Amino acid sequence: MNSGTTKFSLQFSTLVVCFLLLFNAPLWATTTPEVTVKSLIDKDNKEEQAEQKPVKQESDTETPAASENVQEPQEDDLPYDAFDRITPRSSMQGYLKATRARDFERASQYLDYRNLPKEVEALGKIQLAENLSVVLDRTLWVDVDSLSNKPKGKQKESVPSYRDLVGEISTSQGKVQILLQIVPDDKTGNRIWKISNATVSQIPLLTKEYGYNRVGEWLYDNLPDIEFLGVMLWQWIYFAFSFVLFLAIAIIITRLITFILAHLKVPVEKDVIGFINGPISLLLAVLMARSLNDQSNVTIAVMALFHGATVLLIAWGWICLRAVDLAKHRLSQRFIKQDKPQAVFLLRPISNVAKTLIVISLLFMWFENLGFNATTLLAGLGIGGLAIALAAQKTVENIIAAITLYISAPVKIGSLCKFGSHLGTVEEIGLRATRIRTLDRSVIYVANAKFVDMQLENVSERERISYRPKLMLNANTKQQNLISFMQAVRELLEQHKHIAFEPCRVRFKGFTPWALHVDVLSYVETVDFAFYMEVIEELNLAILGLLNEHECELANPEFARVTD
């Protein structure tokens, strides 16, 4: 691969990523919305708790003795209503509960149908209750806890005292208020709260602007009423199918781009082509789905899931991880050309650390998008994090030791080294341990933190190998024979073409009670151990011949043991 190809590949990849970043800029600029996945989960939990409270109250009233001791509240006794419409909060909560259960006949009991225009009455009570439910799902997040829980409602609001404001919805004809109004019950005459007829009369206008499209209406009418996290089954199917469609379009676009590049004979490497056809294709599909999808079927719950950006973060995570691999590959090629093989080995732990940081960062972004406070999560995990930190202490030590081994390079991949009582070749310096293969072909794994503190003898760093035969001659050797033998050995070494000129030493070192010690020091000019063995074999045979020629004998080690 030439430098022009590498340069174009990097520039092309950078251009594609920058384009996608600009295309995606509005997403990153948005703030956290009022409604998140956490809000949906909290709402479900509140509804479950609200359903359990009446059951508990009924079980308490079963014991007469206990009911006699209950003190009456300070306020006037609340009248009974079969649909629990005595307060604004209970009435709105009852309506929302009925719509969630798709019981629109019950939900219609919470709307005020007095004095409505004829065209509105013609829709029918049940249809009006259902249409209002669709509009609220798409436009207004109703927090029932913010509504009054008193029979008289809130007295200090911008609406008349007999009404309570739930929220406002913007339309092409101005804002429409969602109001609760206190009205007399037709059957009992009690004062109850219903959704105001002023709001009910605006339901056709709201439905026209915020109703589902034809596909959404058909799916809404024909698929089962099942929901998860506030999103109906038909919406899951609709948006999943839409995403698959956009994914197919993205695949066609990216394949077309790579085809054009190949047709124009633009030098693009295979890994860059895979980068475009893989993660870039997925990210393009996600961005098109988020930007070009029909908004007429999007509800507040769907928007909360969209803001979670789960698939988007997966796509960006895939891009970042592949980008790290691409950078690692390019740097490896550059270091190899610069004859820096040790830097290539250092890229592996660095890339692993970079990938880990990317995954952790994306997870925290995901939690933030879902509505959870990442800072709170970190604080909550403080004790657990401390325990993990203590447990990971050795792991961190080994990682730091691995970086130290790569930077200081006392040994390298392929080095023959001595450590402790072992001798072997370094095969891999991992994040946790160094793998060494011994001369017996077995494998030893040594923790990096321990290995870096050892006394390491790098045998491979030798520029030549010493030749030091241990010559112990018989103590009865004659002086003249000893002198001639040493002279002959000296000439042998000096004349050998593979023995270094300096130092080349042959000396009579001293006596022992059983031998004469001849010290020989020389170096074979090679780092190839196999060739070194051939040279010293030749020298040993030559010295053996010189011993016979000069009537010298090696000392018998049996005498050494007797003397000792």
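Me: Before we look at single residues, what do buried, partly exposed and exposed mean here?

Reply: Buried means under 20% relative accessible area, exposed means over 50%, and partly exposed is in between. Keep in mind that this is a predicted model. Take aspartate 84: its relative accessibility is 44%, so aspartate 84 counts as partly exposed.

Me: Where does aspartate 84 sit, and what is its phi?

Reply: Aspartate 84 is in the loop between helix H4 (64-68) and helix H5 (88-100). Its phi is near 55°, a positive value in a residue other than glycine. Glutamate 551 also has phi near 55°, and it too is a residue other than glycine. You will find glutamate 551 in the loop between helix H22 (529-549) and helix H23 (557-563).

Me: Is glutamate 551 buried or exposed?

Reply: Glutamate 551 has 61% relative accessibility, so it counts as exposed.

Me: Now the helices. How should I read the packing of H12 and H13?

Reply: Start with the angle and the distance between the axes. Helix H12 (residues 233-263) packs with helix H13 (residues 270-292) at about 140°, and their axes are 8 Å apart. Angles over 145 degrees would count as roughly antiparallel, and H12 and H13 are therefore oblique to each other. Their crossing is right-handed.

Me: Which residues make that contact?

Reply: From H12 they include Phe243, Phe246, Leu247 and Arg255, and from H13 they include Ile273, Asn277, Met288 and Leu292. By class, the contact of H12 with H13 has 16 nonpolar, 4 polar and 1 charged residues.

Me: How many disulfides are there?

Reply: First the general idea: a disulfide is a covalent bond between the sulfur atoms of two cysteines. The test here is a pair of cysteine sulfur atoms within 2.5 Å, and the count comes to 0 disulfides. As for the setting of two cysteines, cysteine 320 is partly exposed because its relative accessibility is 28%, while cysteine 504 is buried, with a relative accessible area of 16%.

Me: Which peptide bond is cis?

Reply: Look at the omega angle: a cis peptide bond joins glutamate 502 and proline 503, with omega about -15°. Proline 503 lies in the loop between helix H21 (479-495) and strand E13 (505-512).

Me: And how far apart are alanine 323 and phenylalanine 275, in sequence and in space?

Reply: They are 48 residues apart in sequence and 8.2 Å apart in space, C-alpha to C-alpha. Alanine 323 belongs to helix H15 (residues 310-337), and its relative accessible area of 33% makes alanine 323 partly exposed.

Conventions: Residues are numbered from 1 along each chain as its sequence is written. This is a predicted model: local features need pLDDT of at least 70, side-chain atom pairs count only at pLDDT 80 or more; totals for chains, interfaces and linings use all residues. Side-chain values use heavy atoms; hydrogens and water are left out. Axes are lines fitted to C-alpha atoms, for helices over the stretch in contact, and angles run from 0 to 180 degrees between N-to-C directions. Helices (H or I, at least four residues) and strands (E, at least two) are DSSP runs, numbered from the N terminus. Angles under 35 degrees count as roughly parallel, over 145 as roughly antiparallel, 65 to 115 as roughly perpendicular and the rest as oblique. A crossing is left-handed if the near helix is turned anticlockwise from the far one by less than a right angle, and right-handed if clockwise. Contact means heavy atoms within 4.5 Å. Ala, Val, Leu, Ile, Met, Phe, Trp, Tyr, Cys and Pro count as nonpolar, Asp, Glu, Lys and Arg as charged, and the others, Gly among them, as polar. Buried means under 20% relative accessible area, exposed over 50%, partly exposed in between (1.4 Å probe, protein chains only).
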